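Start with how the parts of one chain meet. Then step back to the pair of chains.

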There are 2 protein chains.
Amino acid sequence: MKNCLVAQSGGPTSVINASVVGVIKGNKETKFYDKVYGGINGIEGILQNKILDLTCLSDKELEILKYTPSSSLGSCRYKMKDFREDESEYQKIFDIMDKLNVKTLFYIGGNDSMDTVSKLSKYAKLKGINKQIIGIPKTIDNDLWCTDHTPGFGSAAKYVATTVLETYLDSSVYINNGIFIVETMGRNAGWLAASAALAKINGRQVVDFIYLPEIPFSDEKFLKDVSKRFKEKNKVYIVVSEGIKDENGRFIFEMKNTKKHDGFSHTQLGGVGNYIKRLIIQSGITSRVKVLELGVAQRCAMHSVSSVDIEEAYKVGKDAVKYSIEGCSGYMIGIKRIRNNPYEIETVKVEASKVANDIKYFPKEWITKERNFITDDAVSYLKPLIEGSPKIIIEDGLPKYIDLQYLLKYAVK
Amino acid sequence: MKNCLVAQSGGPTSVINASVVGVIKGNKETKFYDKVYGGINGIEGILQNKILDLTCLSDKELEILKYTPSSSLGSCRYKMKDFREDESEYQKIFDIMDKLNVKTLFYIGGNDSMDTVSKLSKYAKLKGINKQIIGIPKTIDNDLWCTDHTPGFGSAAKYVATTVLETYLDSSVYINNGIFIVETMGRNAGWLAASAALAKINGRQVVDFIYLPEIPFSDEKFLKDVSKRFKEKNKVYIVVSEGIKDENGRFIFEMKNTKKHDGFSHTQLGGVGNYIKRLIIQSGITSRVKVLELGVAQRCAMHSVSSVDIEEAYKVGKDAVKYSIEGCSGYMIGIKRIRNNPYEIETVKVEASKVANDIKYFPKEWITKERNFITDDAVSYLKPLIEGSPKIIIEDGLPKYIDLQYLLKYAVK
């Protein structure tokens, strides 16, 4: 008897469960593993023996799980120590896998999770443990190396672009509309903020400026941009990434939380959106400034999911089973773009160690020379990722989702 | 030759343009008016002669307009003086209507707009001016009297409930999840916050507490609620209306902006969500507290529109033409619910003066005795309003919308 185990780690996405379903369906087709177990709360929960038998899930339940956002198996932010420092956790994990006849662990996550994949697989190789660890990518930040893009990003980008389009219309109704600011997630990388450039009405971009973490943020340059555009149009629509930094590479968000910045004492409540709002008001451009922080809705808005994204999340899960049958370990299943028209991808295996703990930034060559917008090449890259709206399951006017509590009935004793 | 004029006023909704399209289609069917004009920026713009000829719009364009959120004709917040004080504006409006052979003005808006409808129609009657003014309701706040509910509310409620469902899943993934707070709009009335009670998974409500403006907010009672629930479940999901008030009827939001509250000096950035976040943290319940302010997305999220809502917005516009043919003036077209199963409504005409400047609060009898949730009767009232998801027009993965700039080519010279 040989089984596999799948778990989720890091921040959720709208489509991270589609990858779990991909693993289960991939195994249903190949019948390679007898059981598919689910680890609750990632490595942290596996270490506590929190494991479910997912093989019991019906096709109907799998269909609902595929279209349920956020990590249904729970998540963790747990960094494993180097095994040369402490190998007790490594031993424990492999013991637990052994007890359940688990040959392969599929670990769905971002840079940090690929660190776990890399560490566990290296340890197994070194100790001659015949077990495989395979990474499945996910992150709305799109900041993983060795993959064209990450599952989860397309849906988040679609949510950002859709909300930008709609709030642009909302912010344009009065004679004096003022300035509207949207703050996106994305941490150190500007991919999500950049996706606002997809928002167009009659072929015309609605966003005036996009400020990315990849370009050092200058208060003076920013106020010059905004002041000029406000004079021309009497309104400005701005998108800013939560991760913008100053010239010394310090997060603006961190800066404004230090006592040094007396002028901005009201700091702990908002992010950079409120920071640049204050810049505008203090500069006297206008006092009519609104901020919308998109917040966690970006990473769980299944009601605005992209078909391309959810099907790719499903595919990397399914293909992970295929790669595991070939015996690979220590790899992440990446996405390679074959072409844009018609859009086509294939999955590839890439060494998890090359992805671990590193950040793929938004390319400088895709930022305009004014440093406040993205190029047409970048738009061409982004465009296919938000295509299509699958028919999600609706009950009483709302999406039908399942949650972890419901799955606990399958807990392994 | 006789024409009509339609305009929009107050805060936008997702479905306010469907009412404009309803007027145009109602006239196409009855052929009662030769032309349908559109006033830009409501009464404020009409006074500046900003008027378009909407009769030129093609069926294709009308279809896109119907599914475009926010006020495509622009809006205003303009309170007309009592004509006994100053009748110059009254004369000007009727002169402009006269010049364009406009017999009827359809004015889409909330309480304040019904004040305009009431004032203009009274003036016309008094002066023997043979012109009709008819109000068409809209507001996401659902706070208008003499109508079962308002167009715009159902879609906002659906967006709130959907986002609550999704962020509940997002906020449940870790071993220690902490407390999640969603702040809704709704001003003085709790209808929008209440709609979060629609969010269920496996038939179980996901929201722990809903705090409405109709119940005086007590810090002590709130902390008691939250502390108890947090001990039981190790997580709490809270929905709070932006309009909650203290026992003296003062907005909490206003209070925390006064100097009197030294303990909360970081005030101007956030709303009540951040206020109650600080209460929780200061009380020591947990420091893991997240706030999501839904903001203007609530009133423009066409991508999450309710079929019932958009079709009713369309119907009140269309029926307004029918009522105008009967010669009525000074009325608003209200919605009367006939039954819930199957859900059915009809339109009725109600005196605009009875709606003007007044607020329909969330009924006290629909609030639970613990004063932190709504009853099953309230849920039964809300449920039909979010039903159905129309197929909106999609282009390149995003909704296809039109905007005001595009309409300006039809401006009347």
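**Domains and copies**

In chain A, 18 residues of domain 1 are in contact with 14 residues of domain 2, where contact means heavy atoms within 4.5 Å. This is a predicted model: local features need pLDDT of at least 70, side-chain atom pairs count only at pLDDT 80 or more, and totals for chains, interfaces and linings use all residues. Residues are numbered from 1 along each chain as its sequence is written, chains are lettered from A and ligands numbered from 1 in the order in which they are written, and side-chain values use heavy atoms, with hydrogens and water left out.

Domain 1 of chain A covers 3-152 + 304-357 + 387-410, and domain 2 covers 154-299. These bounds come from an automatic or database domain assignment. The C-alpha centres of the two domains of chain A lie 34 Å apart.

Together, domain 1 and domain 2 of chain A bury about 1300 Å², with 46% of it on carbon and sulfur atoms. Buried area is the accessible area (1.4 Å probe) that two parts lose on being put together, summed over both. A:Ile140, A:Asp141 and A:Ser304 supply 44% of the area that domain 1 of chain A buries against domain 2 of chain A.

A:Asp141 also forms a salt bridge with A:Arg187 through their side chains (3.3 Å, N to O). The rule requires a side-chain nitrogen of Lys or Arg within 4 Å of a carboxyl oxygen of Asp or Glu.
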